[in-house]
Amino acid sequence: MSHTVRSVIAGEREAAAGRTFRSTNPATGELVAEVQLSDATGFAAAASTAKRAQRAWADLPAPARGEVIAHAGQLVRANAEKLARLVTREIGKPLKEARGEVQEVIDTCTFFLGEGRRLYGQTVPSEMPDKELFTFRQPVGVAAVITAGNFPVAVPSWYLVPALLCGNAVVWKPAEYSAASAEALYELFAHAGLPEGVLNLVFADGADTFAGLTEALGAGTVNKVGFTGSSEVGARIGELCGRHLQSPCLELGGKNPMVVTADADLDQAVEGALFSGFGTAGQRCTSLGTAIVHESVLPEFLRRFDEATRAAVIGDPTGDVLYGPLLDEKFAHSYEKTLGQIGTHHEVHGSTAIGRIGDARPRAGFTGDATGLYYHPVIVSGVRPGDALFDTETFGPIVGVTSYRTLDEAIELANAPGYGLSSAIYTTDPAAAFRFRRGIGAGMVSVNNTTSGAEAHLPFGGNGKSGNGSRQSGMWVLDQFTRWQSLNWDFSGHLQKAQMDITVV
Ligand code: UN1
């Protein structure tokens with residue numbers, strides 16, 4: 001059963017503008033939704049609509065906005081299983097993970113409904129008598145939120161919920177291949193009591209989104225851009241925003257390292273590598289890129305990782321599997337190119353075959369439909385800086401492995417690709433853990449846990465090629481969707497001059 005999804009601007013579904021996109025189930029090829037794409041004008045119109053609606057929304061007291069967020073969270077909870085099943089059907093994420101993802105939306109609402117009763121400013125002492133200073137958080141205005149489809153509901157909620165809570169209006173442009181999931185989340189939010197025009201949903205291709213965004217930034221109808229996606233597109237968005245003196249919130253790719261020290265619990269490290277390397281078919285921005293293993297335990301680590309990977313169940317995402325298909329044809333294509341980067345100086349483990357799992361290359365225990373976008377898991381040992389496989393994000397079920405001698409060398413290898421999103425160290429030595437934490441350039445560090453699986457109320461974000469240092473989640477994201485305003489109130493009855501009227505003792 002499929003249906004047509006369209007952009008929704010001020011509560012109105014947009015009439016067919018032109019091209020359509022077919023969102024299909026990557027496990028079966030079944031059509032999930034026919035997506036009517038808007039053009040650049042549609043995007044810019046949504047931004048103007050949001051701009052008009054924003055002031056009245058911001059005038060509503062923050063606790064009342066918090067109530068709307070609370071209601072959205074309740075609606076998501078009441079529809080959690082349906083939403084999780086839709087996510088699984090549309091992007092092939094295992095149901096267990098999809099349920100976790102929906103839970104992350106609920107957690108985000110839970111956190112921010114309380115923020116509606118805080119959203120604190122400060123009182124600041126003045127250097128002059130009879131004068132009070134204050135700070136207030138002001139909404140930025142309209143946020144354009146552009147999100148990827150690997151987390152079609154959780155990651156968008158990291159933007160939508162705080163942006164709305166802070167009094168902003170939003171234009172949300174989700175990925176086309178997760179359009180039905182996005183529309184379902186939009187509907188739940190729209191029914192939570194948001195006034196018309198405060199949250200708008202726009203489906204558009206990359207070129208039209210860029211053109212619409214350029215127009216809206218020029219017209220001042222977009223005041224903040226939140227983007228989750230590739231480092232390449234993130235850099236283009238950063239340039240565009242820079243021209244309008246804006247700093248976007250960018251959450252980009254990762255090449256996340258995991259260091260395994262000589263004294264680490266190897267079973268625990270392997271369990272972590274399996275989950276973060278192959279969970280979600282390696283398609284999280286926080287997925288494990290390279291395991292950097294002390295040379296003394298490398299053979300044993302590889303042996304156990306190989307064994308665990310071969311035993312993993314892959315296939316039908318509605319069942320109990322480690323991972324299902326890749327997200328969409330586009331991702332399968334680029335992943336095929338990544339597989340071509342395996343060179344003769346590398347050694348392959350974890351699987352009997354490389355490439356797409358199908359009739360020609362069966363896998364023991366495979367539970368899927370062989371026509372789906374399923375790929376064998378691959379472990380590639382011997383990767384080094386200079387190898388494309390070591391240096392760049394792969395977004396697929398492939399994990400690199402390399403070795404090190406000293407902790408300094410491990411940290412250098414971990415930082416070498418120039419990303420800086422997530423990282424992990426498996427060790428029983430607290431000093432090694434602290435040294436790693438200090439030396440690593442990543443925004444997120446785990447000790448004896450994996451690179452993926454961030455919690456909804458800790459700062460999430462990266463540095464270098466992973467982002468511009470902006471952080472999402474928890475109270476830290478408030479700095480993305482508000483700007484500090486200071487208030488300087490003089491009740492002395494005469495002009496007091498800062499710096500000049502104070503007596504220096
Ligand atoms: C992403 O892939 O864009 O930390 C985000 C995690 C998830 C979020 C990943 N909670 O793995």
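User: Where is phenylalanine 395 placed?
Analyst: This is a predicted model: local features need pLDDT of at least 70, side-chain atom pairs count only at pLDDT 80 or more, and totals for chains, interfaces and linings use all residues. Residues are numbered from 1 along each chain as its sequence is written. Helices (H or I, at least four residues) and strands (E, at least two) are DSSP runs, numbered from the N terminus. Phenylalanine 395 is in the loop between α12 (388-391) and β17 (398-404).

User: Is phenylalanine 395 buried or exposed?
Analyst: A residue is buried if 20 or more other C-beta atoms lie within 10 Å of its own, exposed if 12 or fewer, and partly exposed in between, with C-beta atoms placed from the backbone. Phenylalanine 395 has 24 other C-beta atoms within 10 Å, so this residue is buried.

User: What is the phi of asparagine 448?
Analyst: Asparagine 448 sits in the loop between β19 (444-447) and α15 (478-481). It is not a glycine, yet its phi is positive, at about 55 degrees.
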